[in-house]
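Me: I would like to go through the charged and aromatic contacts of this protein, one at a time, with the reasoning spelled out. Could we begin once the sequence and the model are in view?

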Amino acid sequence: MKKKIESFENLVAALEALPSIGKKSAQRMAYRMAMEDHFGAMKIAHAIEKAVQSIHRCDRCGAMSEDELCPVCSDRARDHAKLCIVENAKDIFQIESAGEYDGTYFVIESIESIDSKRLKNRIEEGVEEVIFAFTPGIATDTMILYIEERLKNYDIIFTKIAQGVPTGVSLENIDMLSLSRALQDRIKV
């Protein structure tokens with residue numbers, strides 16, 4: 001058996017553990033960092049160290065933050081009457097990049113982790129509409145029903161993001177749940 005370069009193999013394994021990084025991509029990145037771009041590798045290492053040390057959850061909504069409150073929660077220009085409930089903090093990046101939403105957020109990882117008291121406190125701050133932005137599925141439908149039940153005594157409107165057929169995708173490539181919802185939620189043209 002040939003002797004391996006342990007530090008290189010450890011770097012490859014660490015990179016390969018990241019989502020959507022396969023063995024070949026991990027090897028290419030590891031080689032570049034170890035052999036071709038030491039400065040870039042150190043820059044990445046420093047950025048990772050700083051992020052791990054300084055990023056935590058926002059005390060108010062659960063999003064990523066470097067301060068007590070995230071940039072959205074601390075922005076007075078946001079519409080605090082709209083509360084978008086998402087499954088995880090990274091969903092906020094997707095919604096924000098669309099540039100269409102000006103309200104605030106609340107992160108819920110799972111039914112078990114819902115902090116009902118914190119959510120009710122948010123509602124009592126003047127929320128008029130709760131928008132569910134979940135990946136379609138039976139589990140998320142259950143979560144929506146659970147949250148609606150917890151908040152039924154508040155005078156708020158419940159909505160969810162539209163679901164259905166994505167632009168440019170043929171019907172043969174759409175799952176049955178998405179196609180079914182698209183037919184149910186059809187609009188007049």
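Reply: Before the contacts, one definition is needed: a residue is called buried under 20% relative accessible area, exposed over 50%, and partly exposed in between. Please keep in mind that this is a predicted model.

Me: Is aspartate 102 buried, exposed or partly exposed?
Reply: Aspartate 102 has a relative accessible area of 36%. Because buried means under 20% and exposed means over 50%, aspartate 102 is to be called partly exposed.

Me: Which residue meets the side chain of aspartate 102 in a salt bridge?
Reply: Aspartate 102 sits in the loop between helix H4 (89-98) and E4, and its partner lies in strand E3, so the pair ties together parts that are 20 residues apart in sequence. The N to O distance in this salt bridge is 2.6 Å, and the partner is lysine 82.

Me: How many salt bridges does a search of the whole structure find?
Reply: Side chains of opposite charge can pair when their charged atoms come close. Some of these contacts join into a network, as with Arg32, Glu36 and Asp37. For the whole structure, the search gives a total of eight.

Me: How many residues apart in sequence are arginine 57 and glutamate 109?
Reply: The side chains of arginine 57 and glutamate 109 meet in a salt bridge, with 3.2 Å from N to O. Arginine 57 belongs to strand E1 (residues 56-57), whereas glutamate 109 belongs to the loop between strand E4 (103-107) and helix H5 (116-123), so the parts that this pair ties together are separated in sequence by 52 residues.

Me: In the salt bridge of arginine 60 with glutamate 125, what is the relative accessible area of arginine 60?
Reply: The closest N and O atoms of arginine 60 and glutamate 125 are 2.3 Å apart, and the pair links distant parts of the chain, with arginine 60 in the loop between E1 and E2 and glutamate 125 in the loop between H5 and strand E5 (129-133). Glutamate 125 is partly exposed at 44%. Arginine 60, by contrast, counts as buried, its relative accessible area being 17%.

Me: Which residues gather in the patch of negative charge on the surface, and where does glutamate 68 lie?
Reply: Glutamate 68 counts as exposed because its relative accessibility is 56%. The patch on the surface is made up of Asp59, Glu66, Asp67 and Glu68. As for its place in the chain, glutamate 68 lies in the loop between strand E2 (64-65) and strand E3 (79-86).

Me: What is the angle between the planes of phenylalanine 132 and phenylalanine 134?
Reply: A pair of aromatic rings is described by the distance of the centres and the angle of the planes. Phenylalanine 132 is buried at 2% relative accessibility, and phenylalanine 134 is buried at 5%. Their rings form a tilted pair, 5.8 Å centre to centre, and the angle between the planes is 45 degrees.

Me: Are the rings of phenylalanine 132 and phenylalanine 158 stacked or edge-to-face?
Reply: Phenylalanine 132 is in strand E5 and phenylalanine 158 in strand E6 (residues 157-160), 26 residues apart. Phenylalanine 158 counts as partly exposed at 26% relative accessibility, and ring pairs link Phe132, Phe134 and Phe158 into a cluster. The centres of the rings of phenylalanine 132 and phenylalanine 158 are 6.1 Å apart and their planes lie at 15 degrees, so this pair is stacked.

Methods. Residues numbered from 1 in each chain as written. Predicted model: local features only at pLDDT ≥ 70, side-chain atom pairs only at ≥ 80, totals over all residues. Heavy atoms only, no water. Patch = residues over 30% accessible without salt bridge, like charges linked within 9 Å, V, L, I, M, F, W, Y side chains within 5 Å. Areas by Shrake-Rupley, 256 points an atom, 1.4 Å probe, with all protein chains shown as cover. Salt bridge = Lys/Arg side-chain N within 4 Å of Asp/Glu carboxyl O. Lys, Arg positive; Asp, Glu negative; His and termini not counted. Charge placed at Lys NZ, Arg CZ, Asp CG, Glu CD. Helix = DSSP H or I, 4+ residues; strand = E, 2+ residues; numbered from the N terminus. Buried < 20%, exposed > 50% of the residue type's maximum accessible area, 1.4 Å probe, protein only. Phe/Tyr/Trp six-rings, centres within 6.5 Å; stacked < 30°, edge-to-face > 60°.
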